Amino acid sequence: MVIARRLYLYFVAAASLAPLALGLVNLLRLALRWLWEALAGSQALPGASLGTRQQLSLYAALVLVALPIWLLHWWLAQRAARGAGPEAAGERGSLIRAFYLALVLLGSFVTWLVAAERLIEHLVLALLGPGSVAADSALPNALAILLVAGAIWAYHLRVALADLRAGELPAEAAALPRLYRYLAAFGGALLLLFGASALIHLLTDVLLPNRVLTTAPHWWLGRLANGVALTAAGLLAWGLHWGYAERLVRSGRQSWLAAAERASALRRLYLYAVLAVAVFATLLGLGRGLDALLRWALGAEPGLAAGPRAWELLDPLLGALPFALFWGYQRALLGREERVAAEDRRQAATRRLYGYLVALVGLALAAAGMALLLDVLIDLASGGRVGAPAGWWRGELSRDLALAAVGLAVWLWQWRAIQRRLARAPLAERAATVRRVYLYLVLAGALLSLLGSLAVVIYRVLSVILGVDAFHGLAGHLSQPLGIALVAAALTAYHLLLLRRDLSSQPSAPGPQRRALVLTAPPGTDLDALLASLRAGLPSGASLAELAGGSMQLADEAPGSEHAAPMA
(Lines give C-alpha, C1' and ligand atoms only; values in the text may rest on other atoms or scores of the structure.)
Protein backbone atom coordinates (compact mmCIF):
# COMPACT_ATOMS: atom_id res chain seq x y z
CA MET A 1 0.00 0.00 0.00
CA VAL A 2 2.80 2.42 0.96
CA ILE A 3 4.82 1.57 -2.17
CA ALA A 4 1.78 2.10 -4.42
CA ARG A 5 1.14 5.46 -2.76
CA ARG A 6 4.77 6.52 -3.27
CA LEU A 7 4.76 5.41 -6.89
CA TYR A 8 1.64 7.42 -7.53
CA LEU A 9 2.83 10.59 -5.74
CA TYR A 10 6.31 10.77 -7.25
CA PHE A 11 5.21 9.72 -10.72
CA VAL A 12 2.53 12.41 -10.86
CA ALA A 13 4.96 14.95 -9.37
CA ALA A 14 7.54 14.19 -12.06
CA ALA A 15 4.92 14.09 -14.85
CA SER A 16 3.51 17.49 -13.80
CA LEU A 17 6.90 19.11 -13.19
CA ALA A 18 7.96 18.67 -16.83
CA PRO A 19 5.07 20.68 -18.40
CA LEU A 20 5.29 23.17 -15.54
CA ALA A 21 8.96 23.81 -16.33
CA LEU A 22 8.20 24.03 -20.06
CA GLY A 23 5.46 26.57 -19.49
CA LEU A 24 7.54 28.68 -17.11
CA VAL A 25 10.53 28.69 -19.44
CA ASN A 26 8.48 29.86 -22.40
CA LEU A 27 6.54 32.48 -20.44
CA LEU A 28 9.80 33.87 -19.09
CA ARG A 29 11.34 33.68 -22.56
CA LEU A 30 8.51 35.72 -24.06
CA ALA A 31 8.72 38.28 -21.28
CA LEU A 32 12.50 38.62 -21.53
CA ARG A 33 12.42 38.80 -25.33
CA TRP A 34 9.72 41.47 -25.21
CA LEU A 35 11.72 43.46 -22.65
CA TRP A 36 14.96 42.86 -24.57
CA GLU A 37 13.52 44.16 -27.84
CA ALA A 38 11.91 47.09 -26.09
CA LEU A 39 15.18 48.13 -24.46
CA ALA A 40 16.96 47.72 -27.78
CA GLY A 41 14.42 50.05 -29.39
CA SER A 42 13.33 47.51 -32.01
CA GLN A 43 9.75 47.23 -30.72
CA ALA A 44 7.35 49.54 -28.97
CA LEU A 45 6.40 48.59 -25.43
CA PRO A 46 2.64 48.23 -25.83
CA GLY A 47 1.03 45.53 -27.95
CA ALA A 48 1.96 42.02 -29.01
CA SER A 49 1.53 40.08 -32.21
CA LEU A 50 -1.13 37.43 -32.69
CA GLY A 51 1.46 34.65 -32.56
CA THR A 52 2.83 35.98 -29.27
CA ARG A 53 -0.65 36.09 -27.73
CA GLN A 54 -1.28 32.50 -28.85
CA GLN A 55 1.96 31.37 -27.23
CA LEU A 56 1.09 33.26 -24.07
CA SER A 57 -2.30 31.53 -23.81
CA LEU A 58 -0.76 28.08 -24.45
CA TYR A 59 2.07 28.34 -21.94
CA ALA A 60 -0.09 30.07 -19.33
CA ALA A 61 -2.55 27.18 -19.60
CA LEU A 62 0.31 24.70 -19.06
CA VAL A 63 1.40 26.50 -15.92
CA LEU A 64 -2.13 26.94 -14.54
CA VAL A 65 -2.87 23.22 -14.94
CA ALA A 66 0.50 21.72 -13.96
CA LEU A 67 1.37 23.97 -11.00
CA PRO A 68 -1.50 22.98 -8.64
CA ILE A 69 -1.05 19.28 -9.51
CA TRP A 70 2.66 19.37 -8.72
CA LEU A 71 2.17 21.45 -5.57
CA LEU A 72 -0.50 19.10 -4.18
CA HIS A 73 1.41 15.87 -4.80
CA TRP A 74 4.74 17.27 -3.68
CA TRP A 75 3.14 18.65 -0.51
CA LEU A 76 1.78 15.19 0.27
CA ALA A 77 5.19 13.63 -0.33
CA GLN A 78 6.97 16.22 1.80
CA ARG A 79 4.45 15.91 4.62
CA ALA A 80 5.17 12.18 4.84
CA ALA A 81 8.93 12.84 4.95
CA ARG A 82 8.85 15.43 7.76
CA GLY A 83 9.55 14.52 11.33
CA ALA A 84 11.79 12.14 13.24
CA GLY A 85 9.54 9.09 13.47
CA PRO A 86 10.07 5.76 11.73
CA GLU A 87 7.43 6.59 9.09
CA ALA A 88 9.22 9.81 8.09
CA ALA A 89 12.60 8.04 8.09
CA GLY A 90 11.15 5.33 5.87
CA GLU A 91 9.83 7.97 3.46
CA ARG A 92 13.19 9.74 3.29
CA GLY A 93 14.93 6.42 2.76
CA SER A 94 12.54 5.31 0.03
CA LEU A 95 14.19 4.20 -3.19
CA ILE A 96 11.29 5.79 -5.14
CA ARG A 97 11.87 9.19 -3.54
CA ALA A 98 15.63 8.91 -4.11
CA PHE A 99 15.07 8.03 -7.77
CA TYR A 100 12.74 11.00 -8.23
CA LEU A 101 15.22 13.42 -6.65
CA ALA A 102 18.20 12.05 -8.60
CA LEU A 103 16.25 12.17 -11.88
CA VAL A 104 15.06 15.75 -11.36
CA LEU A 105 18.50 16.89 -10.22
CA LEU A 106 20.23 15.34 -13.22
CA GLY A 107 17.68 16.55 -15.77
CA SER A 108 17.47 20.10 -14.44
CA PHE A 109 21.24 20.41 -14.05
CA VAL A 110 22.00 19.17 -17.56
CA THR A 111 19.41 21.61 -18.94
CA TRP A 112 20.87 24.40 -16.82
CA LEU A 113 24.42 23.55 -17.91
CA VAL A 114 23.54 23.56 -21.62
CA ALA A 115 21.80 26.92 -21.20
CA ALA A 116 24.77 28.34 -19.29
CA GLU A 117 27.17 27.20 -22.02
CA ARG A 118 25.00 28.80 -24.71
CA LEU A 119 24.59 32.00 -22.71
CA ILE A 120 28.36 32.36 -22.20
CA GLU A 121 29.02 31.62 -25.88
CA HIS A 122 26.45 34.20 -27.05
CA LEU A 123 27.79 36.77 -24.61
CA VAL A 124 31.36 36.34 -25.89
CA LEU A 125 30.17 36.56 -29.50
CA ALA A 126 28.07 39.63 -28.79
CA LEU A 127 30.74 41.42 -26.74
CA LEU A 128 33.72 40.72 -29.03
CA GLY A 129 31.95 40.43 -32.37
CA PRO A 130 30.89 43.14 -34.79
CA GLY A 131 27.32 43.16 -33.43
CA SER A 132 26.04 44.29 -30.06
CA VAL A 133 24.70 42.49 -27.03
CA ALA A 134 21.26 44.01 -27.43
CA ALA A 135 20.96 42.67 -30.99
CA ASP A 136 21.45 39.03 -29.94
CA SER A 137 17.94 37.60 -29.49
CA ALA A 138 19.30 34.22 -28.33
CA LEU A 139 20.37 35.68 -24.99
CA PRO A 140 16.86 35.98 -23.45
CA ASN A 141 16.05 32.40 -24.52
CA ALA A 142 19.15 31.01 -22.79
CA LEU A 143 18.57 33.23 -19.77
CA ALA A 144 14.99 31.97 -19.35
CA ILE A 145 16.12 28.32 -19.37
CA LEU A 146 18.94 29.16 -17.01
CA LEU A 147 16.64 30.78 -14.45
CA VAL A 148 13.88 28.14 -14.45
CA ALA A 149 16.15 25.08 -14.59
CA GLY A 150 18.42 26.63 -11.96
CA ALA A 151 15.51 27.25 -9.60
CA ILE A 152 14.22 23.67 -9.98
CA TRP A 153 17.71 22.27 -9.45
CA ALA A 154 18.47 24.43 -6.42
CA TYR A 155 15.19 23.56 -4.69
CA HIS A 156 15.49 19.81 -5.20
CA LEU A 157 19.15 19.91 -4.20
CA ARG A 158 18.11 21.53 -0.92
CA VAL A 159 15.53 18.76 -0.37
CA ALA A 160 18.05 16.01 -1.15
CA LEU A 161 20.65 17.49 1.21
CA ALA A 162 18.05 17.82 3.95
CA ASP A 163 17.18 14.13 3.56
CA LEU A 164 20.85 13.17 3.82
CA ARG A 165 21.44 15.27 6.93
CA ALA A 166 18.29 14.10 8.72
CA GLY A 167 19.70 10.65 9.41
CA GLU A 168 21.33 7.61 7.88
CA LEU A 169 19.63 6.40 4.70
CA PRO A 170 19.64 2.89 3.25
CA ALA A 171 22.57 2.24 0.93
CA GLU A 172 20.39 2.12 -2.20
CA ALA A 173 18.64 5.41 -1.43
CA ALA A 174 21.93 7.17 -0.66
CA ALA A 175 23.59 5.80 -3.81
CA LEU A 176 21.19 7.44 -6.27
CA PRO A 177 21.98 11.08 -5.34
CA ARG A 178 25.65 10.09 -5.28
CA LEU A 179 25.27 8.65 -8.79
CA TYR A 180 23.86 11.99 -9.97
CA ARG A 181 26.75 13.84 -8.32
CA TYR A 182 29.49 11.80 -9.96
CA LEU A 183 27.77 11.79 -13.36
CA ALA A 184 27.61 15.60 -13.20
CA ALA A 185 31.24 15.77 -12.06
CA PHE A 186 32.33 13.46 -14.91
CA GLY A 187 30.45 15.50 -17.52
CA GLY A 188 31.87 18.72 -16.10
CA ALA A 189 35.41 17.33 -16.18
CA LEU A 190 35.03 16.38 -19.86
CA LEU A 191 33.69 19.82 -20.76
CA LEU A 192 36.52 21.48 -18.84
CA LEU A 193 39.26 19.39 -20.45
CA PHE A 194 38.01 19.62 -24.02
CA GLY A 195 37.24 23.33 -23.65
CA ALA A 196 40.72 24.09 -22.32
CA SER A 197 42.26 21.98 -25.09
CA ALA A 198 40.22 23.88 -27.71
CA LEU A 199 41.47 27.21 -26.34
CA ILE A 200 45.08 26.00 -26.50
CA HIS A 201 44.59 24.84 -30.10
CA LEU A 202 43.22 28.28 -30.94
CA LEU A 203 46.19 29.95 -29.26
CA THR A 204 48.67 27.92 -31.32
CA ASP A 205 46.73 28.77 -34.49
CA VAL A 206 46.99 32.47 -33.66
CA LEU A 207 50.67 32.47 -32.64
CA LEU A 208 52.13 29.96 -35.10
CA PRO A 209 51.66 30.03 -38.89
CA ASN A 210 50.12 26.84 -40.25
CA ARG A 211 49.27 25.39 -43.62
CA VAL A 212 45.60 26.44 -43.40
CA LEU A 213 45.50 30.08 -44.42
CA THR A 214 42.48 31.85 -42.95
CA THR A 215 41.73 35.32 -44.26
CA ALA A 216 38.14 35.73 -43.04
CA PRO A 217 37.71 38.49 -40.46
CA HIS A 218 37.01 37.36 -36.90
CA TRP A 219 37.73 33.72 -37.87
CA TRP A 220 38.84 33.08 -34.31
CA LEU A 221 35.74 34.48 -32.63
CA GLY A 222 33.47 31.44 -32.88
CA ARG A 223 36.19 29.09 -31.65
CA LEU A 224 37.07 31.42 -28.79
CA ALA A 225 33.44 31.73 -27.70
CA ASN A 226 32.94 27.97 -27.84
CA GLY A 227 36.15 27.24 -25.93
CA VAL A 228 35.44 29.79 -23.22
CA ALA A 229 31.85 28.56 -22.82
CA LEU A 230 32.88 24.90 -22.57
CA THR A 231 35.68 25.64 -20.11
CA ALA A 232 33.56 27.88 -17.88
CA ALA A 233 30.55 25.56 -17.84
CA GLY A 234 32.73 22.50 -17.24
CA LEU A 235 34.66 24.18 -14.44
CA LEU A 236 31.41 25.18 -12.77
CA ALA A 237 29.85 21.70 -13.02
CA TRP A 238 32.99 19.85 -12.00
CA GLY A 239 33.87 22.28 -9.23
CA LEU A 240 30.40 22.17 -7.67
CA HIS A 241 30.01 18.40 -7.57
CA TRP A 242 33.57 17.21 -7.14
CA GLY A 243 34.19 19.99 -4.63
CA TYR A 244 31.28 18.79 -2.49
CA ALA A 245 32.53 15.19 -2.62
CA GLU A 246 36.04 16.30 -1.65
CA ARG A 247 34.74 18.37 1.26
CA LEU A 248 32.94 15.31 2.56
CA VAL A 249 36.03 13.12 2.30
CA ARG A 250 38.44 15.71 3.73
CA SER A 251 36.14 16.87 6.52
CA GLY A 252 37.34 14.18 8.92
CA ARG A 253 33.86 13.86 10.37
CA GLN A 254 32.81 10.41 11.41
CA SER A 255 29.23 10.84 10.22
CA TRP A 256 27.65 8.10 8.19
CA LEU A 257 27.60 10.38 5.14
CA ALA A 258 31.36 11.01 5.17
CA ALA A 259 32.13 7.33 5.81
CA ALA A 260 29.83 6.23 2.99
CA GLU A 261 31.49 8.73 0.63
CA ARG A 262 34.97 7.44 1.41
CA ALA A 263 33.94 3.82 0.83
CA SER A 264 31.79 4.53 -2.23
CA ALA A 265 32.34 2.37 -5.30
CA LEU A 266 30.87 5.18 -7.43
CA ARG A 267 33.67 7.46 -6.26
CA ARG A 268 36.33 5.00 -7.39
CA LEU A 269 34.48 4.40 -10.67
CA TYR A 270 34.47 8.16 -11.34
CA LEU A 271 38.19 8.45 -10.55
CA TYR A 272 39.15 5.65 -12.92
CA ALA A 273 36.74 6.73 -15.69
CA VAL A 274 38.18 10.27 -15.77
CA LEU A 275 41.67 8.80 -15.54
CA ALA A 276 41.03 6.58 -18.58
CA VAL A 277 39.85 9.57 -20.65
CA ALA A 278 42.85 11.66 -19.57
CA VAL A 279 45.33 8.87 -20.35
CA PHE A 280 43.80 8.16 -23.75
CA ALA A 281 43.71 11.83 -24.83
CA THR A 282 47.26 12.43 -23.57
CA LEU A 283 48.64 9.47 -25.47
CA LEU A 284 46.82 10.53 -28.64
CA GLY A 285 48.37 13.99 -28.38
CA LEU A 286 51.83 12.52 -27.84
CA GLY A 287 51.28 10.20 -30.79
CA ARG A 288 50.31 13.07 -33.08
CA GLY A 289 53.37 15.06 -31.99
CA LEU A 290 55.66 12.09 -32.60
CA ASP A 291 53.94 11.59 -35.95
CA ALA A 292 54.87 15.14 -37.00
CA LEU A 293 58.46 14.55 -35.89
CA LEU A 294 58.72 11.28 -37.81
CA ARG A 295 57.19 12.81 -40.94
CA TRP A 296 59.89 15.46 -40.85
CA ALA A 297 62.60 12.81 -40.30
CA LEU A 298 61.27 10.61 -43.14
CA GLY A 299 60.88 13.54 -45.51
CA ALA A 300 57.17 13.01 -45.99
CA GLU A 301 56.61 16.74 -46.62
CA PRO A 302 59.87 18.15 -47.99
CA GLY A 303 58.43 21.53 -48.99
CA LEU A 304 56.84 22.39 -45.67
CA ALA A 305 58.09 25.63 -44.12
CA ALA A 306 59.48 25.87 -40.58
CA GLY A 307 56.42 27.67 -39.18
CA PRO A 308 53.80 25.10 -40.21
CA ARG A 309 56.16 22.30 -39.21
CA ALA A 310 56.51 23.76 -35.71
CA TRP A 311 52.74 24.17 -35.54
CA GLU A 312 52.17 20.50 -36.45
CA LEU A 313 54.60 19.44 -33.74
CA LEU A 314 53.49 21.77 -30.93
CA ASP A 315 49.74 21.92 -31.55
CA PRO A 316 48.93 18.30 -30.52
CA LEU A 317 51.41 18.36 -27.64
CA LEU A 318 50.03 21.60 -26.18
CA GLY A 319 46.46 20.47 -26.83
CA ALA A 320 47.11 17.35 -24.75
CA LEU A 321 48.50 19.41 -21.86
CA PRO A 322 45.16 19.79 -19.95
CA PHE A 323 44.61 16.03 -20.15
CA ALA A 324 48.18 15.32 -18.98
CA LEU A 325 47.76 17.67 -16.02
CA PHE A 326 44.46 16.02 -15.13
CA TRP A 327 46.14 12.62 -15.41
CA GLY A 328 48.68 13.77 -12.84
CA TYR A 329 45.93 15.18 -10.62
CA GLN A 330 43.94 11.93 -10.75
CA ARG A 331 47.08 9.90 -10.01
CA ALA A 332 47.75 12.11 -6.98
CA LEU A 333 44.18 11.56 -5.82
CA LEU A 334 44.58 7.80 -6.13
CA GLY A 335 47.84 8.01 -4.20
CA ARG A 336 46.03 9.84 -1.42
CA GLU A 337 43.30 7.18 -1.46
CA GLU A 338 46.02 4.56 -0.99
CA ARG A 339 47.56 6.41 1.96
CA VAL A 340 44.28 6.85 3.81
CA ALA A 341 43.00 3.33 3.07
CA ALA A 342 42.42 1.38 6.26
CA GLU A 343 43.61 -1.95 4.91
CA ASP A 344 46.62 -3.06 2.89
CA ARG A 345 44.26 -4.97 0.61
CA ARG A 346 42.53 -1.75 -0.44
CA GLN A 347 45.89 -0.03 -1.04
CA ALA A 348 47.06 -2.90 -3.24
CA ALA A 349 43.73 -2.94 -5.08
CA THR A 350 44.00 0.79 -5.85
CA ARG A 351 47.52 0.46 -7.23
CA ARG A 352 46.60 -2.67 -9.15
CA LEU A 353 43.52 -1.15 -10.77
CA TYR A 354 45.44 1.96 -11.82
CA GLY A 355 48.23 -0.12 -13.35
CA TYR A 356 46.00 -2.44 -15.32
CA LEU A 357 43.79 0.43 -16.54
CA VAL A 358 46.71 2.44 -17.92
CA ALA A 359 48.23 -0.74 -19.36
CA LEU A 360 44.96 -1.55 -21.13
CA VAL A 361 44.77 1.92 -22.72
CA GLY A 362 48.40 1.73 -23.82
CA LEU A 363 47.95 -1.76 -25.23
CA ALA A 364 44.88 -0.71 -27.23
CA LEU A 365 46.80 2.16 -28.85
CA ALA A 366 49.86 -0.03 -29.46
CA ALA A 367 47.75 -2.77 -31.07
CA ALA A 368 46.02 -0.27 -33.35
CA GLY A 369 49.32 1.30 -34.36
CA MET A 370 51.01 -2.06 -35.04
CA ALA A 371 48.08 -3.31 -37.09
CA LEU A 372 48.15 -0.17 -39.25
CA LEU A 373 51.94 -0.42 -39.51
CA LEU A 374 51.70 -4.00 -40.78
CA ASP A 375 49.10 -2.83 -43.28
CA VAL A 376 51.61 -0.34 -44.75
CA LEU A 377 54.49 -2.83 -44.69
CA ILE A 378 52.46 -5.54 -46.44
CA ASP A 379 51.40 -3.02 -49.09
CA LEU A 380 55.02 -1.98 -49.61
CA ALA A 381 56.22 -5.58 -49.87
CA SER A 382 53.46 -6.69 -52.25
CA GLY A 383 52.96 -3.50 -54.25
CA GLY A 384 49.34 -3.52 -53.21
CA ARG A 385 48.63 0.20 -53.72
CA VAL A 386 48.77 0.47 -57.47
CA GLY A 387 48.60 4.05 -58.69
CA ALA A 388 49.41 5.61 -55.31
CA PRO A 389 51.69 8.69 -55.46
CA ALA A 390 55.39 8.23 -54.85
CA GLY A 391 56.34 8.32 -51.19
CA TRP A 392 52.75 7.69 -50.05
CA TRP A 393 54.04 5.39 -47.32
CA ARG A 394 56.06 8.04 -45.45
CA GLY A 395 53.08 9.86 -43.94
CA GLU A 396 51.25 6.68 -42.99
CA LEU A 397 54.39 5.01 -41.66
CA SER A 398 55.16 7.97 -39.38
CA ARG A 399 51.59 8.05 -38.06
CA ASP A 400 51.47 4.32 -37.34
CA LEU A 401 54.96 4.23 -35.84
CA ALA A 402 54.09 7.10 -33.51
CA LEU A 403 50.87 5.48 -32.34
CA ALA A 404 52.53 2.10 -31.78
CA ALA A 405 55.56 3.61 -30.03
CA VAL A 406 53.56 5.73 -27.58
CA GLY A 407 51.13 2.94 -26.75
CA LEU A 408 53.85 0.34 -26.41
CA ALA A 409 55.97 2.58 -24.18
CA VAL A 410 53.06 3.18 -21.80
CA TRP A 411 52.10 -0.50 -21.77
CA LEU A 412 55.69 -1.59 -21.05
CA TRP A 413 55.98 1.05 -18.33
CA GLN A 414 52.95 -0.29 -16.48
CA TRP A 415 53.56 -3.93 -17.33
CA ARG A 416 57.02 -3.74 -15.78
CA ALA A 417 55.49 -2.50 -12.50
CA ILE A 418 52.90 -5.29 -12.70
CA GLN A 419 55.64 -7.88 -13.20
CA ARG A 420 57.50 -6.55 -10.14
CA ARG A 421 54.36 -6.98 -8.04
CA LEU A 422 53.95 -10.47 -9.50
CA ALA A 423 57.49 -11.38 -8.43
CA ARG A 424 56.89 -10.10 -4.88
CA ALA A 425 53.49 -11.74 -4.31
CA PRO A 426 52.72 -14.18 -7.13
CA LEU A 427 49.68 -15.85 -5.57
CA ALA A 428 47.95 -12.59 -4.63
CA GLU A 429 48.66 -10.96 -8.00
CA ARG A 430 47.56 -13.93 -10.08
CA ALA A 431 44.37 -14.34 -8.04
CA ALA A 432 43.41 -10.64 -8.27
CA THR A 433 40.05 -9.99 -9.92
CA VAL A 434 41.27 -6.92 -11.80
CA ARG A 435 44.09 -8.96 -13.40
CA ARG A 436 41.61 -11.60 -14.48
CA VAL A 437 39.29 -8.91 -15.92
CA TYR A 438 42.22 -7.35 -17.80
CA LEU A 439 43.23 -10.70 -19.30
CA TYR A 440 39.71 -11.62 -20.35
CA LEU A 441 39.06 -8.16 -21.84
CA VAL A 442 42.23 -8.35 -23.94
CA LEU A 443 41.46 -11.92 -24.98
CA ALA A 444 37.89 -11.04 -25.95
CA GLY A 445 38.96 -8.03 -28.02
CA ALA A 446 41.84 -9.92 -29.66
CA LEU A 447 39.75 -12.99 -30.49
CA LEU A 448 36.90 -10.93 -31.97
CA SER A 449 39.40 -8.95 -34.05
CA LEU A 450 41.09 -12.17 -35.16
CA LEU A 451 37.82 -13.81 -36.19
CA GLY A 452 36.60 -10.71 -38.02
CA SER A 453 39.84 -10.19 -39.92
CA LEU A 454 40.10 -13.86 -40.88
CA ALA A 455 36.52 -13.73 -42.17
CA VAL A 456 37.47 -10.76 -44.39
CA VAL A 457 40.58 -12.59 -45.65
CA ILE A 458 38.55 -15.70 -46.55
CA TYR A 459 35.90 -13.56 -48.22
CA ARG A 460 38.47 -11.75 -50.37
CA VAL A 461 40.23 -14.98 -51.38
CA LEU A 462 36.95 -16.67 -52.30
CA SER A 463 35.91 -13.59 -54.30
CA VAL A 464 39.05 -13.95 -56.41
CA ILE A 465 38.61 -17.73 -56.79
CA LEU A 466 35.01 -17.31 -57.90
CA GLY A 467 35.89 -14.52 -60.31
CA VAL A 468 34.12 -11.71 -58.47
CA ASP A 469 37.32 -9.66 -57.96
CA ALA A 470 40.51 -9.47 -60.00
CA PHE A 471 43.65 -11.16 -58.66
CA HIS A 472 45.91 -8.12 -59.09
CA GLY A 473 43.93 -6.20 -56.45
CA LEU A 474 44.02 -8.99 -53.87
CA ALA A 475 47.13 -7.76 -52.02
CA GLY A 476 45.61 -4.33 -51.43
CA HIS A 477 42.43 -5.89 -50.05
CA LEU A 478 44.28 -8.29 -47.75
CA SER A 479 46.89 -5.98 -46.22
CA GLN A 480 44.67 -4.43 -43.54
CA PRO A 481 42.86 -7.58 -42.34
CA LEU A 482 46.14 -9.49 -42.36
CA GLY A 483 47.76 -6.80 -40.20
CA ILE A 484 44.89 -6.95 -37.74
CA ALA A 485 44.97 -10.76 -37.73
CA LEU A 486 48.71 -10.93 -37.01
CA VAL A 487 48.52 -8.47 -34.11
CA ALA A 488 45.38 -10.11 -32.72
CA ALA A 489 46.95 -13.56 -32.95
CA ALA A 490 50.05 -12.39 -31.07
CA LEU A 491 47.96 -10.77 -28.34
CA THR A 492 45.77 -13.86 -28.04
CA ALA A 493 48.72 -16.22 -27.75
CA TYR A 494 50.56 -14.11 -25.18
CA HIS A 495 47.56 -13.47 -22.95
CA LEU A 496 46.35 -17.06 -23.21
CA LEU A 497 49.78 -18.12 -21.93
CA LEU A 498 49.47 -15.65 -19.05
CA LEU A 499 45.98 -16.90 -18.20
CA ARG A 500 47.11 -20.53 -18.32
CA ARG A 501 50.00 -19.80 -15.95
CA ASP A 502 47.68 -17.95 -13.58
CA LEU A 503 45.18 -20.79 -13.50
CA SER A 504 47.80 -23.52 -13.10
CA SER A 505 49.54 -21.66 -10.27
CA GLN A 506 46.44 -21.48 -8.10
CA PRO A 507 46.44 -24.05 -5.28
CA SER A 508 44.08 -26.92 -5.98
CA ALA A 509 41.20 -27.63 -3.66
CA PRO A 510 42.22 -30.06 -0.89
CA GLY A 511 40.89 -33.61 -1.21
CA PRO A 512 39.15 -35.55 1.55
CA GLN A 513 41.27 -36.54 4.53
CA ARG A 514 41.51 -40.24 5.37
CA ARG A 515 42.77 -42.12 8.40
CA ALA A 516 42.59 -45.85 9.13
CA LEU A 517 41.24 -46.64 12.58
CA VAL A 518 40.84 -49.91 14.51
CA LEU A 519 37.65 -50.34 16.52
CA THR A 520 38.15 -52.54 19.62
CA ALA A 521 35.25 -53.64 21.86
CA PRO A 522 34.70 -56.18 24.65
CA PRO A 523 33.51 -59.69 23.74
CA GLY A 524 29.81 -59.90 23.00
CA THR A 525 29.49 -56.28 21.76
CA ASP A 526 27.21 -55.76 18.80
CA LEU A 527 29.79 -54.15 16.52
CA ASP A 528 27.25 -53.43 13.75
CA ALA A 529 25.06 -51.46 16.15
CA LEU A 530 28.12 -49.68 17.52
CA LEU A 531 29.21 -48.70 13.99
CA ALA A 532 25.71 -47.47 13.20
CA SER A 533 25.72 -45.24 16.28
CA LEU A 534 29.15 -43.89 15.38
CA ARG A 535 28.02 -43.09 11.84
CA ALA A 536 24.98 -41.25 13.16
CA GLY A 537 27.22 -38.92 15.19
CA LEU A 538 29.57 -37.99 12.32
CA PRO A 539 29.59 -34.34 11.10
CA SER A 540 28.30 -33.43 7.66
CA GLY A 541 30.61 -34.62 4.90
CA ALA A 542 32.32 -37.35 6.97
CA SER A 543 31.74 -41.05 6.51
CA LEU A 544 32.78 -44.33 8.17
CA ALA A 545 33.32 -47.49 6.10
CA GLU A 546 34.71 -50.98 6.79
CA LEU A 547 37.79 -52.29 5.03
CA ALA A 548 37.44 -55.04 2.47
CA GLY A 549 37.26 -58.30 4.33
CA GLY A 550 35.47 -56.73 7.28
CA SER A 551 38.10 -57.23 10.02
CA MET A 552 41.78 -57.32 10.81
CA GLN A 553 43.50 -59.04 13.70
CA LEU A 554 46.18 -57.44 15.84
CA ALA A 555 48.96 -59.49 17.40
CA ASP A 556 48.08 -58.60 20.97
CA GLU A 557 44.27 -58.85 20.73
CA ALA A 558 41.90 -61.74 20.77
CA PRO A 559 40.32 -62.74 17.48
CA GLY A 560 36.86 -61.37 16.71
CA SER A 561 37.08 -58.38 19.04
CA GLU A 562 37.80 -55.61 16.58
CA HIS A 563 36.66 -53.98 13.32
CA ALA A 564 39.09 -51.96 11.18
CA ALA A 565 37.51 -49.09 9.31
CA PRO A 566 38.82 -46.01 7.52
CA MET A 567 37.00 -42.82 8.41
CA ALA A 568 36.81 -40.11 5.79
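Predicted model: local features only at pLDDT ≥ 70, side-chain atom pairs only at ≥ 80, totals over all residues.
Residues are numbered from 1 along each chain as its sequence is written, and side-chain values use heavy atoms, with hydrogens and water left out. Local features need pLDDT of at least 70 and side-chain atom pairs count only at pLDDT 80 or more, while totals for chains, interfaces and linings use all residues.

**View 1. Arg 181 and Glu 261 form a salt bridge.** A salt bridge is a side-chain nitrogen of Lys or Arg within 4 Å of a carboxyl oxygen of Asp or Glu; by this rule the count is 14. Side chains of opposite charge can pair when their charged atoms come close. In the pair of Arg 181 and Glu 261, the N to O distance is 2.6 Å. Arg 181 is in helix H6 (residues 171-207) and Glu 261 in helix H8 (residues 256-262), 80 residues apart. Helices (H or I, at least four residues) are DSSP runs, numbered from the N terminus. Both Arg 181 and Glu 261 are buried, meaning under 20% relative accessible area (1.4 Å probe, protein chains only).

**View 2. Helices H7 and H9 pack against each other.** Their axes, lines fitted to C-alpha atoms over the stretch in contact, are 13 Å apart. The angle is about 130°, on a scale from 0 to 180 degrees between N-to-C directions. H7 and H9 are therefore oblique to each other, the class left over once angles under 35 degrees (roughly parallel), over 145 (roughly antiparallel) and 65 to 115 (roughly perpendicular) are set aside. Residues in the contact (heavy atoms within 4.5 Å) include Trp 238 and Trp 242 of H7 and Tyr 270 and Leu 271 of H9.

**View 3. Arg 267 and Glu 246 form a salt bridge.** The closest N and O atoms of Arg 267 and Glu 246 are 2.7 Å apart. Arg 267 belongs to H9 (residues 265-298) and Glu 246 to H7 (residues 221-250). Arg 267 and Glu 246 are both buried.

**View 4. Glu 429 pairs with Arg 352 and also meets Arg 421.** The salt bridge between Arg 352 and Glu 429 spans 3.2 Å, N to O. Arg 352 lies in helix H12 (residues 344-382) and Glu 429 in helix H14 (residues 426-430), so the pair ties together parts 77 residues apart in sequence. Arg 421, in helix H13 (residues 392-424), is buried, with a relative accessible area of 14%. Leaving aside neighbours within four places in sequence, the contacts of Arg 421 include Arg 351 and Tyr 356.

Note on methods
Helix = DSSP H or I, 4+ residues; strand = E, 2+ residues; numbered from the N terminus. Buried < 20%, exposed > 50% of the residue type's maximum accessible area, 1.4 Å probe, protein only. Polar contact = N/O pair within 3.5 Å; in protein donor to acceptor, adjacent residues only side chain to side chain.
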